Amino acid sequence: MRKIYFLYFLFMLNGLFAQKKDKLNPVMVYEKAWQEHNNDARLKIIKTIWLDDSTFEDPSASIKGTVALNNVINEFYKKYPDAVLTSGAKVVKDNYVSWDWKILDSKSKLIMSGRDFARLNGKGQVSKIIGFWNPEATLSESDILKNLETDNLKVVAQYYESLFKTRDFTAMANLIQPGAIYYQAEGLPYGGTFTGFEEWTKMYAKSAEYFELQIEKEQVYFSDASKNEIIIYFTIKAKAKKSGKTLLMPVSEHIDLKDGKITAIRPFYYDTKQFAEFLKSKK
């Protein structure tokens, strides 16, 4: 008799696990939708567990329907393109599921955290999501931009340290995004557009044939984190190898970044024509 009771208990336990798994499935699909960056692919995922009258509410939105939810997620990724969603264990009770979550940036810095409550319709779909944010863990947009600005400035400072002081091209290569573009003024003897760090090094080598360079005045940094851009202003002291002449020239460089790496550099010389003639001049 005890064996029969034990088998019955196992049968009931398996049934409960199966029910819990069935209830968790639409929530897992919902989280998968939040992890999908492609707009069209995400909408297809949402439609499998979301109805035209399903609703979503959190401090930033109150919407109904599949397209509206897709738009909410799409707008979120426009603000935080590198966001990574992580979530904790799910608590299931009747047709309700709740769980904690965190959103981190690409460098594992916390953007925000909170708790979601889902009401299921018992047919594998979500009827309602209510999201609550933890205000103590939520960074304001200005704080996020400030952190991004700090990170970008560190990357650019390391780039100039490697280029002008340590001459460490291995370290420099780690700061450059694959396919990054260097736009050098066409009027210079080493001018042109160079794609990828290997092409950059060829441009550096060719420029070294024309002059020796020192930084006369250290760089002054200007930043616009909302555009992932750093602008640097400094003065170079160049010595032309053909003529032996020296020249002081103010230079600014506009640097684009993404995901903590440099994607483009555009130098601007105070007088490009004068600099080109200086480099080509003979004794």
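Which residues in α2 meet which residues in α3? The legends below take up this contact and several other close-up views.

This is a predicted model, in which local features need pLDDT of at least 70 and side-chain atom pairs count only at pLDDT 80 or more, while totals for chains, interfaces and linings use all residues. Residues are numbered from 1 along each chain as its sequence is written, and side-chain values use heavy atoms, with hydrogens and water left out.

**View 1. The crossing of helices α2 and α3.** In α2, N39, R42, L43, I46 and K47 meet T66, V67, L69, N70, I73, N74 and Y77 in α3, where contact means heavy atoms within 4.5 Å. Helices (H or I, at least four residues) and strands (E, at least two) are DSSP runs, numbered from the N terminus. The axes of α2 (residues 39-49) and α3 (residues 66-79) come within 10 Å and cross at roughly 140°; axes are lines fitted to C-alpha atoms, for helices over the stretch in contact, and angles run from 0 to 180 degrees between N-to-C directions. The two helices are therefore oblique to each other, given that angles under 35 degrees count as roughly parallel, over 145 as roughly antiparallel, 65 to 115 as roughly perpendicular and the rest as oblique.

**View 2. The open sheet of 6 strands.** The strand order is β9-β8-β13-β12-β11-β10, with mixed pairing, and two strands pair if DSSP finds at least two bridges between them. Because β9 (192-195) and β10 (211-224) stand at the edges with a single partner strand each, one side of each is left without a neighbour in the sheet. Neighbouring strands of this sheet are turned by 15° against each other on average, direction ignored.

**View 3. Strand β8 and its partners.** β8 (residues 176-184) runs parallel to β13 (residues 261-269), to which 3 bridges join it; I176 has I262 as its bridge partner in β13, and Y182 has I265. With β9, by contrast, β8 pairs in the antiparallel sense over 4 bridges, and the partner of Q184 in β9 is G192.

**View 4. Helices packed on the sheet, and the core.** Helix α6 (residues 197-208) touches β8, β9, β10 and β13, and its direction makes about 35° with that of β8. Helix α7 (residues 272-280) also packs on the sheet, touching β10, β11 (229-240), β12 (246-258) and β13, with its direction at about 120° to that of β12. The largest nonpolar core has 39 residues, and those with the most contacts inside it are Y159, Y190, W200, Y204, I255, I262 and F275; a nonpolar core is a set of buried Ala, Val, Leu, Ile, Met, Phe, Trp, Tyr and Cys residues joined through side-chain atoms within 4.5 Å. The elements giving two or more residues to this core are α4 (141-166), β8, α6, β11, β12, β13 and α7. Leaving aside neighbours within four places in sequence, F275 is in contact with L188, Y190, F211, I236, A238, L247, M249 and Y269.

**View 5. Two aspartates with positive phi.** D94, which lies in the loop between β4 (91-93) and β5 (96-104), has a positive phi of about 55° although it is not a glycine. D259, in the loop between β12 and β13, has a phi near 55°. D94 counts as exposed at 56% relative accessibility, whereas D259, at 39%, counts as partly exposed; buried means under 20% relative accessible area, exposed over 50% and partly exposed in between (1.4 Å probe, protein chains only).
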